[in-house]
Each structure stands twice: as structure tokens, then as C-alpha cells.
Amino acid sequence: MLEFLVNIDTGLMRFLNLTLANPVFDFIMPILTDKWFVRTFFLTAGMIAAITGGKRGLITFFLLILAVILSDQLAAQVIKPAVGRLRPCHTHDWVHLLVNCSSGKSFPSAHAANSFGQAAVWFFRYPGWRWHFVIAASLIALSRVFVGVHYPFDILAGSVVGIFCGVVIFAGTKLAQRLYYRKKSA
């Protein structure tokens, strides 16, 4: 069963990374995957919320920071070392590599986990903007396959980790609010 899933993942990788490769993606995807682009995009959005959104925006900003910390630690420090999967750029000579292939492990994608963790916070806190951040997180996650440093299942797993972390943070916030108001009214 595991071999079957690895074969599907490798086939999807080959399709996305090779078959769909083109000059436009070769230009855009390295930009979308760059850590400074990702950080600047989400940090700017968070700071705008903190500055213009009053108490709600400031709380959202801190929840976004928590989402990154939790999702990054879970993906990079817990799951990646436990799984130990090598990046496709280290295992296949056919990979269309557009960025440096780091020595880190592949499964799950921390870029996807961090992006989807933040998208989940935005999803719950600002429903009017939810799809903007889901689309941004999806593009950032997919860029990891197009540049050759992650398999599709890596980004899928990273997305699940990020969403899980965002939901945990949101649920924890709601629980803390209930306990605060219960104590305040008692």
C-alpha cells in the first residue's frame, strides 16, 4: 500500500513539476516559494489587521504568530525527523529544480503548514477575507512542488498540519473567551 501511494505521489510530482513546467511558472513559482515573500505577505496582512482592526485585529495578529510557531514546530521539529523522507530533488535526477535544494527533509512541507495555519486563523477571524488567504496558501504550497523541493503529498500533509494548528488555536481562543466571560459574570 505504501509503495502504491509513493508511486502516485511520484507520478503527480512528475506531472506538476515537469509536464506543467513553462516559462511563466518558472518565473512566478520561485518568487511565491521564497521565504521572504511568504513572510512579507503574511506579516503585512497581520500588521494591517493589528493596526486597523482594533482589538480584534491585534488578537488576530497574535494568533497568526501562534499559528506559525505551532505549525512550524510540529512540521519541522516533530514530523519531519520522525518520517525522514528525502526531498525529490535529492532522489530523482529528472526534477525540474528552480531553487536551491536544501538538505532538510521533505514530509511534511513546513511552507504549506505555516501558510495554511495562518489561512485557518484568517478563515475564522475574518470570513470576508477567508478565500483570499486560502488561495494564497494554496499557491505558496503548490509552488513547492513546481520548484522541485516537495512532493504533492508533502504539501497535502503540510496543509493538514497547518489547518489542524489553526483550528486548535481558534478553538483554544474560543474556550479562553468562554472561561473569561463565565468567570467575569460569576
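Visitor: Which residues are linked in a network of salt bridges here?
Guide: Asp-9, Arg-85 and Asp-154 are. A salt bridge here means a side-chain nitrogen of Lys or Arg within 4 Å of a carboxyl oxygen of Asp or Glu. This is a predicted model, where local features need pLDDT of at least 70 and side-chain atom pairs count only at pLDDT 80 or more, while totals for chains, interfaces and linings use all residues. Residues are numbered from 1 along each chain as its sequence is written, and side-chain values use heavy atoms, with hydrogens and water left out.

Visitor: OK, how many salt bridges does the count come to?
Guide: The count comes to 2. Asp-9 and Arg-85 meet through their side chains at 2.8 Å, N to O. That pair links distant parts of the chain, 76 residues apart: Asp-9 is in helix H1 (residues 2-19), and Arg-85 is in the loop between helix H4 (54-83) and H5. Helices are DSSP runs of H or I with at least four residues, numbered from the N terminus.

Visitor: And what does Arg-85 do with Asp-154?
Guide: Their side chains form a salt bridge too, at 3.0 Å, N to O. Here Arg-85 in the H4-H5 loop is joined to Asp-154 in helix H8, 69 residues apart.

Visitor: Is Asp-9 buried or exposed?
Guide: Asp-9 is buried, and so is Arg-85. Asp-154 is buried as well. Buried means under 20% relative accessible area, exposed over 50%, and partly exposed in between, with a 1.4 Å probe and protein chains only.

Visitor: Switching to cysteines: which ones form a disulfide?
Guide: Cys-89 and Cys-101, with sulfur atoms 1.7 Å apart. The cut-off for a disulfide is a pair of cysteine sulfur atoms within 2.5 Å, and a search of the whole structure finds 1. Cys-89 lies in helix H5 (residues 88-91) and Cys-101 in the loop between H5 and helix H6 (110-125), so the pair ties together parts 12 residues apart in sequence.

Visitor: Why is the disulfide right-handed?
Guide: Because the torsion about the S-S bond of Cys-89 and Cys-101 is about 70 degrees. Both Cys-89 and Cys-101 are buried.

Visitor: What about Cys-165, buried or exposed?
Guide: Cys-165 counts as buried, because its relative accessibility is 0%.

Visitor: Now the outside. Where does Arg-178 lie?
Guide: In helix H8. Arg-178 counts as exposed because its relative accessibility is 54%.

Technical notes. Helix = DSSP H or I, 4+ residues; strand = E, 2+ residues; numbered from the N terminus.
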